[in-house]
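Open your viewer and get ready to click through a few stops with me.

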Amino acid sequence: MGVMLMGLAVVATSGMFVAGKEHMKRQSREVEATQAARAAVDMIIRDLRLGGACLPVTGDFISLDGINNGNTDQITTRTGLTRPDLSCIRTSVPTGATVTASGGVFSVSSSEGFSPGMRAYIRHPDGLGEYFDVIAVPSPTQLAKEQPLSRNYPETSGVYAIDERRFYLQNFTNWRGTVPELVLQVGNQSPQSFAVGIEKLNIQYQLRRNCPPCDVVDLPANNAEWSVVEQVLVNVTARSELPDATGSYLRRTVSVGVKPRNLLPQ
Amino acid sequence: MSMTRRNSPPLNERGMALIGVLVLSALLMSLAIALALAVRSDQQMRGAFGSSITGFYAAESGLNMGMGEYRNIFLEYNVPSGNDFNPRTLTVGNRTVTYKLSERAGNPQNIVIPSGELFSGLNAIQYRYIVNSTATNASGDVEAGVGAEFLVGYIPLFQFVAFYKNDLEILPGPNMTLNGRVHTNGKLYLSSSGNTLTIADNPAQGVYTVQVSAGQGVYRGRKDTTVCDGTVTIDMLEDKVAPFGDLDPKTLPCNGTTTRLVPQSELADWKGSIISNIGNIAIPEPDIILPPTSVSNGGTANPGVYWDKADLRIVAHPGVAGPALGGGPAGLMLIDVVTAAGVQDATKTTALRNFMMDGRWNEGELASKGPSRMRGTMPIFYTDVPNAASNCGPGVYSGACTHINRTNYTPNLPDRTGYTGNNANSGAYAEAMGPGFLGGAAVATFDGDYRRGGFYNHREKKWMLLLNINIRDLILWNKENGEPFFAHNDNTEGGLVIFATVAGPNSNSTNNNYGVRIFGSNDIPLTGGIGISADPTGVTVATDQAMYVIGDYNRGTVNGGVARQPASIIGDSINVMSSNYWRSGAAGCTDQRCRDGQSSLDLTGGRRTGANTWINAAFLGGVSNSAVGNYNGGLENYPRFHEDWSGTTLNYQGSFVSLGDTKHVNGAWCGTGGSNSSGCNIYNPPTRAWNFDPAFNNAANLPPLTPRFVYVQQVLFTEDFK
């Protein structure tokens with residue numbers, strides 16, 4: 001009788017243990033998925049909030065860019081690089097000078113803060129610009145560019161040191177099979193895995209248009225729409241690394257609205 | 001016995017239940033511990049996440065508070081010093097937020113604001129500051145930090161083609177093109193009465209960009225009435241349409257026929273060349289042109305910068321008789337030179353009187369000196385108002401009014417030499433005005449009567465009391481006669497600053513009849529000049545009363561002049577009279593109604609006919625505000641006209657700056673055309689060939705004491721979670 005009772009108790013307790021263990025595993029996956037989603041969103045938020053710092057506020061809009069592709073969107077943020085004391089690294093073509101398209105070295109008001117290897121953006125007073133790489137800083141008032149430009153740039157053209165970050169999803173394969181991940185690409189460097197298990201990245205843009213409630217678009221259609229982006233709506237879904245006993249993954253979705261603080265001057 | 005023994009539990013089964021219970025308990029315990037750890041771990045993660053977020057926002061609040069406090073320092077035209085750089089704290093919930101201002105090395109810098117930023121391309125004196133803010137929790141841990149860089153720029157105002165403190169309206173009748181930047185701290189109204197207003201770049205003239213900005217909204221249409229018409233075209237910051245090298249224009253349409261506020265989302269199509277609601281930027285107050293109260297009851301205890309920094313201060317004192325000039329009549333109005341403290345400078349006053357009496361220099365009889373371009377005309381004189389015997393008064397300029405009869409003045413004005421009849425009696429103009437004027441005879445000496453008479457201002461409905469100064473002759477005579485007034489090459493504050501005022505009983509009146517008029521200054525005879533020297537000297541002429549400029553001013557090398565100089569003209573309001581004003585009109589000028597006397601005639605009839613005129617100088621003056629049903633004339637009427645300019649052109653190159661309403665004249669703009677009996681009888685408009693002076697893009701070419709506005713901009717926001 002005692003053995004029977006004990007057996008029953010063991011069976012019941014074992015069941016509870018197994019159930020508890022499953023719950024713990026589920027909890028663990030939940031935490032993992034939630035944390036993955038949070039981490040991904042945190043980083044995107046952070047970069048979006050900083051997007052546009054030290055960059056031009058008129059002309060071609062370069063602070064944000066994106067691709068709309070259902071639940072696998074892509075977003076690019078650009079910020080100006082700063083010196084150690086946080087001041088922006090930027091300068092202008094001085095009065096009377098011109099940046100020739102083919103030339104290497106050109107004059108600027110100040111080359112302080114620029115260094116070889118930096119990505120830079122030169123902006124014409126007409127609002128259009130292009131990127132180039134700094135290969136040398138010959139003097140306190142000169143920069144040397146690696147690539148030829150498409151045209152000449154007159155006095156007052158702006159020169160900005162640029163940091164570019166692009167977030168997008170991709171899959172990679174390991175011994176468990178295909179795993180989705182969020183990757184981060186900085187400038188022209190190789191993309192690096194940023195958060196594993198992110199399978200959906202859906203981004204929308206709230207514009208300062210027809211407010212309230214304000215238009216929301218999947219992707220601004222042109223520069224004019226980009227420059228009235230009031231808020232970026234980020235929706236990220238993360239899944240657990242492993243499926244449960246039924247083969248289903250546990251998923252967590254985090255949604256947040258981000259106001260890019262640097263898009264327009266204050 | 002054995003049965004009994006068999007019925008007893010075997011010895012080796014004893015304690016199994018206990019063991020089972022212990023095992024189960026252990027399993028349950030481990031489960032509970034694991035669950036507790038998991039929950040605790042999750043809670044900790046959630047808590048840490050929540051704390052960091054809360055801490056971050058607390059730090060951000062400190063940043064915002066700090067930036068607001070520091071911003072106020074700059075907006076009051078100060079820079080931080082001493083305690084301003086000490087850390088400051090505030091409490092947010094149970095967190096302590098510490099924020100601190102730090103200054104970047106190398107402040108300030110003279111820079112050209114890079115393309116792409118607000119006010120790009122402008123010269124600025126820029127300061128850079130960093131604000132850091134951290135949030136510390138109750139345990140003393142720093143949870144989050146944020147930082148921001150902000151720029152403080154002092155930007156010279158004369159780099160705009162138009163810069164207004166109050167609402168700015170640009171509603172030209174004829175086609176009008178503006179090249180350069182336009183800004184108002186108020187609302188901007190853009191329209192055109194059936195024609196086209198164009199705001200565009202002009203690369204050939206060095207104007208590469210366009211910026212139209214408003215502290216408040218941008219409206220398409222009129223302010224005084226809800227009407228939208230004509231065509232308004234403003235260049236976008238885009239060059240994708242041939243011809244290249246020229247910004248692409250885009251029309252700002254009316255929606256129907258009523259005035260409308262253009263939303264920012266629509267303005268975004270211009271990619272930054274039109275910006276609304278940028279907030280109120282700090283600009284100088286109109287009192288920067290006030291003299292001290294010891295000089296004028298229109299002054300202030302804390303005189304403005306133009307008085308303080310002036311190289312020469314000339315004051316006319318209505319009601320105060322000065323000593324007779326040479327052999328001239330006694331009892332004329334005192335005109336003297338005073339110090340910054342408002343006390344007569346005896347030495348310079350004597351020099352001024354010598355200048356006023358130097359007929360030989362004026363006629364060019366002295367080798368290597370002079371001559372005046374207004375030979376025979378006294379270089380400083382005043383325009384008197386008719387006395388009581390003339391039967392002229394405010395609003396009265398015809399009928400019984402005989403204001404231009406020389407005998408109506410006390411003492412009488414002298415005869416006009418060589419003329420008879422009515423002409424001889426035109427005493428107000430008795431001085432021969434030089435060979436170029438009415439064929440008057442040249443004079444080697446003056447009669448000492450430094451009066452004229454009879455300028456009637458139809459807009460103000462008043463006879464005006466004007467202090468007239470030939471700026472060119474003043475500068476040239478000073479140079480050739482030992483520099484008694486100032487060093488000819490003085491470049492403090494960027495060059496020469498000459499302040500002139502009328503300090504009479506009505507100086508403080510909101511509607512007086514005082515003014516300063518500058519003339520005879522086709523060129524400014526200073527060394528070098530724009531395009532000649534790297535940092536030309538330049539001249540600024542300022543008054544706290546109405547300012548009038550007559551004829552070509554600082555035109556440059558044309559007509560034998562020297563290169564144009566950085567120049568500005570500053571007054572309570574700015575009035576422009578054509579180069580024909582003192583010359584023979586189309587209908588001749590053979591009677592007493594010549595020159596200032598023409599102002600009492602109908603606008604029609606040909607004796608108030610203007611002529612093409614060239615002015616190269618920045619203007620800083622007051623502009624009255626429009627109200628519903630009362631249009632102020634718009635930017636196109638910033639300079640006040642007093643002639644029939646039909647078919648003639650005012651060629652203006654400079655900058656129109658208004659720091660607010662006028663203080664001493666309040667005559668309403670009432671339109672154009674008409675006659676004494678009907679219409680306004682004030683003016684007919686010129687063809688407005690008006691442009692920003694691209695030379696002002698170079699800080700070295702800005703006029704002396706160019707006023708600045710303060711511009712504070714956050715350019716960077718950073719965050720740092722711990």
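Contact on this tour means heavy atoms within 4.5 Å. Keep in mind too that this is a predicted model.

**Stop 1: a buried serine in chain B**

Select B:S658, in strand β35 (residues 656-658) of chain B. Leaving aside neighbours within four places in sequence, B:S658 is in contact with B:F163, B:Y164, B:K165, B:G621, B:G622, B:V623 and B:Y638. B:S658 counts as buried because its relative accessibility is 2%, and the cut-off for buried is under 20%.

**Stop 2: a buried serine in chain A**

Next, go to A:S111, which sits in the loop between β4 (105-107) and β5 (119-123) of chain A. Is A:S111 buried or exposed? With a relative accessible area of 4%, A:S111 is buried. Not counting residues up to four places away in sequence, A:S111 touches A:V137, A:S139, A:P140, A:T141, A:Q142 and A:L143. Zoom in on A:S139, whose backbone oxygen is 2.6 Å from a polar atom of the A:S111 side chain. For a sense of scale, draw a C-alpha to C-alpha distance from A:S111 to A:D47: the two are 64 residues apart in sequence and 26 Å apart in space.

**Stop 3: where the chains meet**

Show both chains. How many residues of chain A are in contact with chain B? The count is 59 residues of chain A, in contact with 58 residues of chain B. The area buried between chain A and chain B is about 4,900 Å², and carbon and sulfur atoms give 59% of that. Highlight A:R38, A:L86 and A:R261: these supply 12% of the area that chain A buries against chain B, more than any other three residues.

Between chain A and chain B there are four salt bridges. To see one of them, select B:R104 and A:E112, where the closest N and O atoms are 3.1 Å apart. Polar contacts between chain A and chain B come to 16 residue pairs, with both residues at pLDDT 80 or more. Now colour chain A by element: α1 (2-50), β3 (90-92), β8 (158-174) and α2 (223-226) each supply at least two residues of the side that touches chain B. The largest share of that side, 18 residues, comes from α1(A).

**Stop 4: backbone details**

Turn to A:P212, in the loop between β11 (198-207) and β12 (216-217) of chain A. The peptide bond from A:C211 to A:P212 is cis, with omega near -25°. In chain B, a cis peptide bond joins B:A242 and B:P243, with omega about 0°. B:P243 lies in the loop between β14 (231-235) and β15 (249-251) of chain B.

Then select A:C54, found in the loop between α1 and β1 (64-67) of chain A. A:C54 is not a glycine, although phi is positive there, about 65°. A:C54 counts as buried, at 2% relative accessibility. B:K461, another residue other than glycine, has a positive phi near 55°. B:K461 lies in the loop between β22 (456-457) and β23 (462-463) of chain B, and counts as partly exposed at 43% relative accessibility.

**Last stop: a surface patch**

Finish by showing the surface around B:M16, B:I19 and B:V23, which make a nonpolar patch of about 260 Å². B:M16 belongs to helix α2 (residues 16-75) of chain B, and counts as partly exposed at 39% relative accessibility.

Definitions and conventions: Residues are numbered from 1 along each chain as its sequence is written. Chains are lettered from A and ligands numbered from 1 in the order in which they are written. This is a predicted model: local features need pLDDT of at least 70, side-chain atom pairs count only at pLDDT 80 or more; totals for chains, interfaces and linings use all residues. Side-chain values use heavy atoms; hydrogens and water are left out. Patches are made of residues with over 30% relative accessible area and no salt bridge: like charges are joined within 9 Å, nonpolar side chains (Val, Leu, Ile, Met, Phe, Trp, Tyr) within 5 Å. Accessible areas come from the Shrake-Rupley method with a 1.4 Å probe; for residues, only the protein chains shown count as cover. A salt bridge is a side-chain nitrogen of Lys or Arg within 4 Å of a carboxyl oxygen of Asp or Glu. Helices (H or I, at least four residues) and strands (E, at least two) are DSSP runs, numbered from the N terminus. Buried means under 20% relative accessible area, exposed over 50%, partly exposed in between (1.4 Å probe, protein chains only). Buried area is the accessible area (1.4 Å probe) that two parts lose on being put together, summed over both. A polar contact is a pair of N or O atoms within 3.5 Å; within protein, one must be able to donate a hydrogen and the other to accept it, and residues adjacent in sequence count only if both atoms are side-chain atoms.
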